[in-house]
Amino acid sequence: MNSPVFQVFDELLRSPRAVAERSRAGGDLRSLFVAALSALVLGAGVFGATLATSRGGLQLLYSGVKLPLSMVATLLLVVPAFHAIAAGLGRPLSFSGMIGLTLAAAGRGAVVLVALSPLVWLSFDRGLAYHPGVLLAAACYALAGLAALDLVLRGVGFDARGFVIVSLFAGVLLTTGGQAAWMLRPFLGRPSETSVPFFRQRESSFWDAVQQSSLSSLGIYRVTRALSDAGGRRIPSQPNPSGPRLENSDEPR
Amino acid sequence: MNLADLGVLYGMAGAFGGVLVYRRQPRRDVRALGAALLSAPLWPLWLPVLFASQRAERDVQRSGATETEAALLEGHEAVRSTPLEPLLPREAVDRLLRELRRATERYAELSHLLSKKGFDRGAAEERVARLEQRAASPRTLASARLHLENVARLQSLAARDRRALEELSELIAALRTQLVFARYSGSSPGEASDIVTEVWARVEMLGTSSDGPLFELESAQSPTEEYALGQARPDSG
């Protein structure tokens with residue numbers, strides 16, 4: 001990497017305003033692109049591998065690769081929508097400027113994820129279980145997302161219209177990013193699984209998974225074979241071995 | 001169409017984009033390879049940034065000339081309808097603008113030409129060295145040396161044009177401020193007159209071919225080899 005890339009990397013860490021202005025101005029954004037992409041790949045890779053410390057082994061590599069992949073895939077899908085939203089609401093930026101801004105925001109978010117990695121690692125090391133671990137990871141994503149959206153907001157303008165644009169974009173980002181990450185899971189690896197798959201078999205959707213993890217973290221488990229009509233119920237601490245198979249029933253509580 | 005089909009199409013578009021980017025790069029080096037490799041997986045994000053950046057570079061080159069033109073026009077506006085107007089009349093400004101545009105276009109053409117693969121000096125030098133190593137025939141060697149010589153001449157010409165345009169640009173900026181100063185201070189236009197003379201001298205020099213040697217080739221070559229192709233040297237008249 002050459003010095004302009006390092007300079008932008010420094011701005012990404014210390015001066016989000018400068019990065020936002022650089023994106024808004026347009027022009028030559030190649031160094032911004034390379035610096036933000038490097039931050040994204042390295043940051044998300046480190047955080048992905050940290051998440052996989054709960055499982056270890058091959059999962060470290062898989063998660064370290066898949067988390068950056070899911071973030072890049074999300075960007076590929078949301079940038080045109082962001083461009084359309086901003087243009088439709090009277091804040092048109094050049095398409096390349098929009099790409100620079102979004103990528104820089106994602107890079108900044110990835111840097112925040114790196115900063116949170118020691119906390120996540122410590123939590124897993126102290127015995128944090130699977131479902132609370134998923135929620136902790138979700139909380140980290142939320143923090144990183146806020147840091148990223150802050151940069152986006154500086155780029156589109158820090159006013160009411162800017163807030164509306166960023167709120168709509170956040171809606172698109174949340175659903176698209178959530179679904180992209182959900183399709184590429186597992187990132188932590190279920191304790192009940194004996195092998196480490198690169199992709200898990202497709203089941204329901206991202207929102208179902210969020211709901212299920214929230215209930216599971218409260219000790220409420222759904223019946224796997226009848227998800228459609230299961231409303232979620234509290235199970236006894238010693239499940240009936242002859243009863244229906246409960247998802248994650250063999251996990252440590 | 002399922003996700004795999006979509007992936008194949010995406011990959012094909014990426015490969016096509018990568019090849020396109022590599023072929024369009026002025027120099028086929030590591031940077032060009034990096035740009036092409038980024039294009040393959042990330043073309044929806046990378047290509048708009050790459051093309052916009054290249055466009056911005058061209059705009060910067062053009063805006064340099066535009067700034068000089070603006071300075072010239074401002075200088076004329078400063079003396080219009082004043083006793084200083086004969087220093088920089090409208091006709092002179094128009095002629096200067098024409099010459100300036102012609103020189104800028106010529107420099108842009110030369111730069112574009114030199115960015116092409118066939119005009120790469122490093123490659124031409126390597127070729128001469130390779131031919132010398134394998135003891136190629138004098139006729140082949142003479143052709144390769146002539147090609148190298150021509151490339152070097154073109155490079156020197158482009159470098160000289162760039163310097164001349166930069167100097168002229170600074171001179172015109174100084175002329176503008178000098179004329180504005182002379183108008184508002186009522187001082188003697190002597191210095192402005194000197195600058196105008198200098199500007200004309202520079203403009204006359206722009207675009208003229210060099211008489212002296214623009215470069216020196218490291219390897220000596222005999223006149224016999226040089227004219228082995230049976231064609232005259234470019235500077236021989």
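Trainee: What share of chain B counts as buried?
Mentor: Of the 237 residues of chain B, 22% are buried, meaning that 20 or more other C-beta atoms, placed from the backbone, lie within 10 Å of the residue's own. Keep in mind that this is a predicted model, where local features need pLDDT of at least 70, side-chain atom pairs count only at pLDDT 80 or more, and totals for chains, interfaces and linings use all residues. Residues are numbered from 1 along each chain as its sequence is written, and chains are lettered from A and ligands numbered from 1 in the order in which they are written.

Trainee: And how many helices and strands are in chain B?
Mentor: Chain B has seven helices and zero strands; these are DSSP runs numbered from the N terminus, with helices being H or I of at least four residues and strands E of at least two.

Trainee: Nice. At what angle do H4(B) and H5(B) pack?
Mentor: Helix H4 (residues 121-133) and helix H5 (residues 138-185) of chain B pack at about 160 degrees, with their axes 9 Å apart. The axes are lines fitted to C-alpha atoms over the stretch in contact, and angles run from 0 to 180 degrees between N-to-C directions. H4(B) and H5(B) are therefore roughly antiparallel, the word for angles over 145 degrees.

Trainee: Which residues make that contact?
Mentor: Among them are B:Ala124, B:Val128 and B:Leu131 of H4(B), and B:Leu141, B:Leu148 and B:Val151 of H5(B). Being in contact is having C-beta atoms, placed from the backbone, within 7 Å. The contact residues divide into eight nonpolar, three polar and five charged. Ala, Val, Leu, Ile, Met, Phe, Trp, Tyr, Cys and Pro count as nonpolar, Asp, Glu, Lys and Arg as charged, and the others, Gly among them, as polar.

Trainee: Switching topic: how many residues does each chain give to the contact between A and B?
Mentor: Chain A gives 15 residues and chain B gives ten. On the chain A side, the largest share, five residues, comes from H5(A). That side divides into eight nonpolar, five polar and two charged residues.

Trainee: What about confidence, which element of chain A has the lowest mean pLDDT?
Mentor: Strand S2 (residues 233-234) of chain A is lowest at 48, while H5(A) is highest at 93; pLDDT is the predictor's confidence in each residue, from 0 to 100. Chain A averages 81, with 85% of the residues scoring at least 70.

Trainee: Where does pLDDT stay under 50 in chain A?
Mentor: Over residues 225-253, for which the model has 37 contacts beyond four places in sequence.

Key: Angles under 35 degrees count as roughly parallel, over 145 as roughly antiparallel, 65 to 115 as roughly perpendicular and the rest as oblique. Two residues are in contact if their C-beta atoms, placed from the backbone, lie within 7 Å. A residue is buried if 20 or more other C-beta atoms lie within 10 Å of its own, exposed if 12 or fewer, and partly exposed in between; C-beta atoms are placed from the backbone.
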